[in-house]
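Subject: Structure handover

Hello,

Here is the structure for you to look through. My notes on what turned up in it follow below.

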Amino acid sequence: MALLETWRNLAYGDGLNDKERENLWSGYFAIEKGIYEQILSAPSQVIEGTVKELAEKYNTELLIMTGFLDGINESLKGYENPIDTMEEDTVVKIEIDPEKLYYNMVGAKADWLYNLPMWDEILTEERRKELYKEQKASGTVVKGKKVGRNDPCPCGSGLKYKKCCGKN
């Protein structure tokens, strides 16, 4: 079984009771924050190694590192790691795109991450506010103007809505 599948079964599966799952996630979030603090202290650095080497480098378990790599994968510059098939000896690379990372952290509602003080050195306050607003707006559903019965049908037929697509 690939590492990611094992991680997801543990983190999201039925193997843990609520208390155990809560402990798993609170521990994960603390470790995740520590890893991000290190990565964001040198944001242009490219980090490369096997999954096992990165777990050792960041002093964490293999499955926790797998969860971290899963979470950061969409925030990398121009590529994604093969997280679906990775094993402990799979070589992975972490080269963050700071704007994507910040945007995705906001989307994940991970305020403990997007409020880290390291962001002050990486992105301006204005840019962080813009990214925050963009992310929040991306989830907003905007309803279109309601078509009235006697309005022209939006399908372009030239008929009134009630005589075309608005028929019951």
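**Salt bridges**

Glu99, Arg127, Glu130 and Glu134 are joined in a network of salt bridges. Please keep in mind that this is a predicted model. The salt bridges come to six by the rule used here.

Start with the pair Arg127 and Glu99. Their side chains meet in a salt bridge, at 2.9 Å from N to O. Arg127 sits in helix α8 and Glu99 in helix α5, so this pair ties together parts that are 28 residues apart in sequence. Glu99 is partly exposed, with a relative accessible area of 32%.

Arg127 has another partner in Glu134. Those two side chains meet in a salt bridge at 3.5 Å, N to O. Glu134 has a relative accessible area of 40%, so it counts as partly exposed.

Helix α8 also holds the pair Glu125 and Lys129. Glu125 forms a salt bridge with Lys129, and the closest N and O atoms are 3.5 Å apart. Why are Glu125 and Lys129 separated by about one helical turn? They are four residues apart in helix α8, and that spacing gives about one turn. Glu125 is partly exposed, at 46% relative accessibility.

As background, side chains of opposite charge can pair when their charged atoms come close.

**The nonpolar core**

How many residues does the largest nonpolar core have? It has 38 residues. Those with the most contacts inside this core are Tyr36, Met65, Phe68 and Ile94. Several elements each supply at least two residues of the core:

- the helices α1 (3-12), α2 (18-40), α3 (51-57) and α4 (62-72)
- the strand β2 (91-94)
- the helices α5 (98-107) and α6 (111-114)

Which of them gives the largest share? That is α2, with seven residues.

Most residues other than glycine have a negative phi.

Asn59 is not a glycine, yet its phi is positive, at about 55°. Where is Asn59? It lies in the loop between α3 and α4. Is Asn59 buried or exposed? Its relative accessible area is 71%, so Asn59 counts as exposed.

Lys109 also has a positive phi, about 60°, although it is not a glycine. Lys109 lies in the loop between α5 and α6. With a relative accessible area of 60%, Lys109 is exposed. Lys109 and Ala137 are 28 residues apart in sequence. In space, their C-alpha atoms are 14 Å apart.

**A positive patch**

Arg149, Lys160, Lys163 and Lys167 form a positive surface patch. Lys160 is placed in the segment after α8 (125-138). Is Lys160 buried or partly exposed? Its relative accessibility is 40%, so it counts as partly exposed. The cut-offs behind that call are simple: buried means under 20%, exposed means over 50%, and partly exposed is in between.

Met105 belongs to helix α5. Met105 is buried, with a relative accessible area of 4%.

Asn115 lies in the loop between α6 and α7 (119-122). Asn115 is exposed, at 52% relative accessibility.

**Where to look**

Go on to Tyr36, Met65, Phe68 and Ile94 in the core. Then turn to the loops that hold Asn59 and Lys109. End at the patch of Arg149, Lys160, Lys163 and Lys167.

Best wishes

Notes
Residues numbered from 1 in each chain as written. Predicted model: local features only at pLDDT ≥ 70, side-chain atom pairs only at ≥ 80, totals over all residues. Heavy atoms only, no water. Patch = residues over 30% accessible without salt bridge, like charges linked within 9 Å, V, L, I, M, F, W, Y side chains within 5 Å. Areas by Shrake-Rupley, 256 points an atom, 1.4 Å probe, with all protein chains shown as cover. Salt bridge = Lys/Arg side-chain N within 4 Å of Asp/Glu carboxyl O. Lys, Arg positive; Asp, Glu negative; His and termini not counted. Charge placed at Lys NZ, Arg CZ, Asp CG, Glu CD. Buried < 20%, exposed > 50% of the residue type's maximum accessible area, 1.4 Å probe, protein only. Core = buried A, V, L, I, M, F, W, Y, C linked by side-chain atoms within 4.5 Å.
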